[in-house]
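Please examine the structure shown below. The questions that follow concern an aromatic pair and a helix pair.

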Amino acid sequence: MGAERAVHAGGSGGSFPRASTVAAADQLAAVLRDHWWAAVASITRRTGDLEIAEDAVQEACAAAVTQWPRDGIPPSPRAWLITTSWHKAVDLMRRDALRATREAEAAQELARGLAEPAGLAGRPLEPEQATGPVGDDELALIFACCHPALDPAVRVALTLRSVCGLATAEIAAAFVVPEPTMAQRLVRAKRKIRQAGIPLTVPGRDALADRLNAVLRVVYLVFTQGHRAAGDARLIRADLCDQATRLARQLRLVLPGEPEVTGLLALLLLTDARRAARTASDGSLVLLADQDRALWNAEQIAEGEQLVAAALRMGRPGPYQLQAAIAACHSTAVSAELTDWREIAALYRELARYEPTPVVLANQAVAVAMADSAEAGLAILDRLASEGRLDRWPQLHIARAELLRRLGRPDDAAAAYELALAAGLPVAERDFIARRMADLAAG
Amino acid sequence: MKYLFLLYGPDGPLPEPGTAEAVAMYERWSAATGPMAQAGVLIDCAPVQPASASTTLQVRDGEVLLTDGPAAEIKEHFGGFTLVECADLDEALKWAVTLPTATDGSIEIRPVISASPPG
């Protein structure tokens with residue numbers, strides 16, 4: 001609050017010390033971001049229109065940016081934001097040429113509002129609106145943004161915008177696309193929701209499990225987008241990891257009986273715990289086995305391990321819980337040499353039943369190789385190769401190359417690395433392979 | 001016997017409700033469909049949302065696959081129609097899944113624009 005007072009005391013039009021202005025602006029932005037989801041969700045429910053809701057909340061935030069430095073942050077910023085957004089929404093609906101019924105409903109709502117004690121400060125609000133954690137409105141919004149009728153990539157972008165409140169420019173940067181392209185994608189997504197009648201409600205019991213998987217997948221994709229090593233976009237990417245973890249936490253609060261939600265949160269924490277050790281000072285990738293474990297975040301690991309145990313106790317295992325359990329195996333090992341590879345191999349075998357994807361199968365092969373022998377691991381990969389499954393997936397070629405290298409077959413290893421490169425990879429992985437191939441050539 | 005008229009026309013949005021253009025369009029169509037209704041031959045008539053509003057559904061190996069947009073499989077042929085009245089897309093999907101075409105082919109679920117007279 002100190003920075004706030006400094007800005008306020010200066011009066012309008014004065015020039016303020018830069019540091020306090022920036023700090024105050026950051027604090028203000030952080031507060032607005034904290035309540036963005038609740039505001040968009042509430043207005044979406046009341047208008048039945050996500051586009052209008054987002055525009056309204058955006059306008060309300062713009063109003064906050066001018067008013068709050070002058071008047072101070074209100075005692076209940078969430079209530080202020082929702083109330084102001086609602087008034088903006090009514091204005092927007094009046095300006096749009098909309099169906100008469102929607103206008104009539106809004107006018108009725110407004111009339112009811114005006115009949116109550118006047119003024120924004122005096123307007124009474126339900127307690128959960130004023131401060132509360134994630135509720136039904138917020139859940140409904142994220143389910144809508146993650147609806148399977150939307151393109152998967154678009155679900156991620158839309159969630160980042162409508163739920164997390166990231167600016168279009170930030171989302172564009174995170175996905176390395178031009179801002180106008182991302183803006184168009186978001187416009188089209190919201191238009192599809194409206195035109196196709198995608199419901200803005202929490203799914204019924206029978207659909208909940210499937211639809212929840214879609215939501216968890218989006219949260220996971222937000223995280224992985226942030227977790228990938230990146231050059232200039234690294235700062236934005238780190239924010240994505242935080243956004244994802246935050247979303248997982250909020251989902252867990254409102255869906256405590258869903259072990260996969262807890263499993264996902266555990267997985268994100270355990271993975272994020274390694275962030276500092278994952279890249280070397282030159283930006284190159286450091287393999288898990290080579291990471292300096294002292295750089296791992298012990299707090300996140302402790303919480304992640306506790307959450308995995310809690311999730312598995314519910315007796316309904318699933319892919320996120322299994323992935324979290326695998327991550328926990330790594331994080332409990334004091335050193336790479338002391339890793340319980342037998343347990344990890346068993347967990348991957350389970351995971352492969354849910355997700356027989358190339359990454360999972362490659363990791364299973366590596367785990368088997370570590371637990372039993374490189375030949376055993378190679379056998380798994382060679383079987384996949386004979387099924388034609390390696391063809392499009394660089395991860396399997398990399399795994400094969402690593403095992404061949406370990407078996408003292410450098411030429412075969414180099415050939416496998418070539419195949420991996422041919423399949424296309426992000427920069428950090430390409431650099432890693434280049435270094436490995438150089439090592440092989442050096443003998 | 002029944003006939004389905006598939007109406008192909010230029011791309012672009014419908015005129016904004018309340019505009020002169022919208023009124024003119026409505027009058028042009030009413031001039032044609034009015035007599036059809038009076039003659040007792042018209043069952044239904046409506047514009048549909050653009051293809052971008054479609055969702056395509058397939059059931060393969062017991063799994064429901066949804067894709068955003070119209071059916072991409074060119075080798076499949078338009079062979080029939082089902083017109084439903086549902087509360088939202090989820091309800092429509094719930095019923096579409098039960099049709100044989102879901103497993104044998106693809107079902108494009110195109111939203112119909114509910115006609116309300118301008119004015």
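Q: Is Trp80(A) buried or exposed, and what is its relative accessible area?
A: This is a predicted model, in which local features need pLDDT of at least 70, side-chain atom pairs count only at pLDDT 80 or more, and totals for chains, interfaces and linings use all residues. Side-chain values use heavy atoms, without hydrogens and water. Buried means under 20% relative accessible area, exposed over 50% and partly exposed in between, with a 1.4 Å probe and protein chains only. Trp80(A) is therefore buried, at 14%.

Q: Which geometry do the rings of Trp68(A) and Trp80(A) adopt?
A: Rings of Phe, Tyr and Trp (its six-membered ring) pair if their centres lie within 6.5 Å, and planes under 30 degrees apart count as stacked, over 60 as edge-to-face and the rest as tilted. Here the centres are 5.1 Å apart and the planes stand at 70 degrees, so the pair of Trp68(A) and Trp80(A) is edge-to-face.

Q: How many residues apart in sequence are the parts that this pair ties together?
A: Trp68(A), buried with a relative accessible area of 2%, lies in helix α3 (residues 50-71) of chain A. Trp80(A) lies in helix α4 (residues 77-95) of chain A, so the parts tied together are apart in sequence by 12 residues.

Q: How are α20(A) and α21(A) oriented to each other?
A: The axes of α20(A) (residues 394-406) and α21(A) (residues 410-422) cross at roughly 165 degrees. Angles under 35 degrees count as roughly parallel, over 145 as roughly antiparallel, 65 to 115 as roughly perpendicular and the rest as oblique. The two helices, α20(A) and α21(A), are therefore roughly antiparallel.

How values were computed. Residues numbered from 1 in each chain as written. Chains lettered and ligands numbered in written order. Axes fitted to C-alpha atoms, helices over the stretch in contact; angles between N-to-C directions. Helix = DSSP H or I, 4+ residues; strand = E, 2+ residues; numbered from the N terminus.
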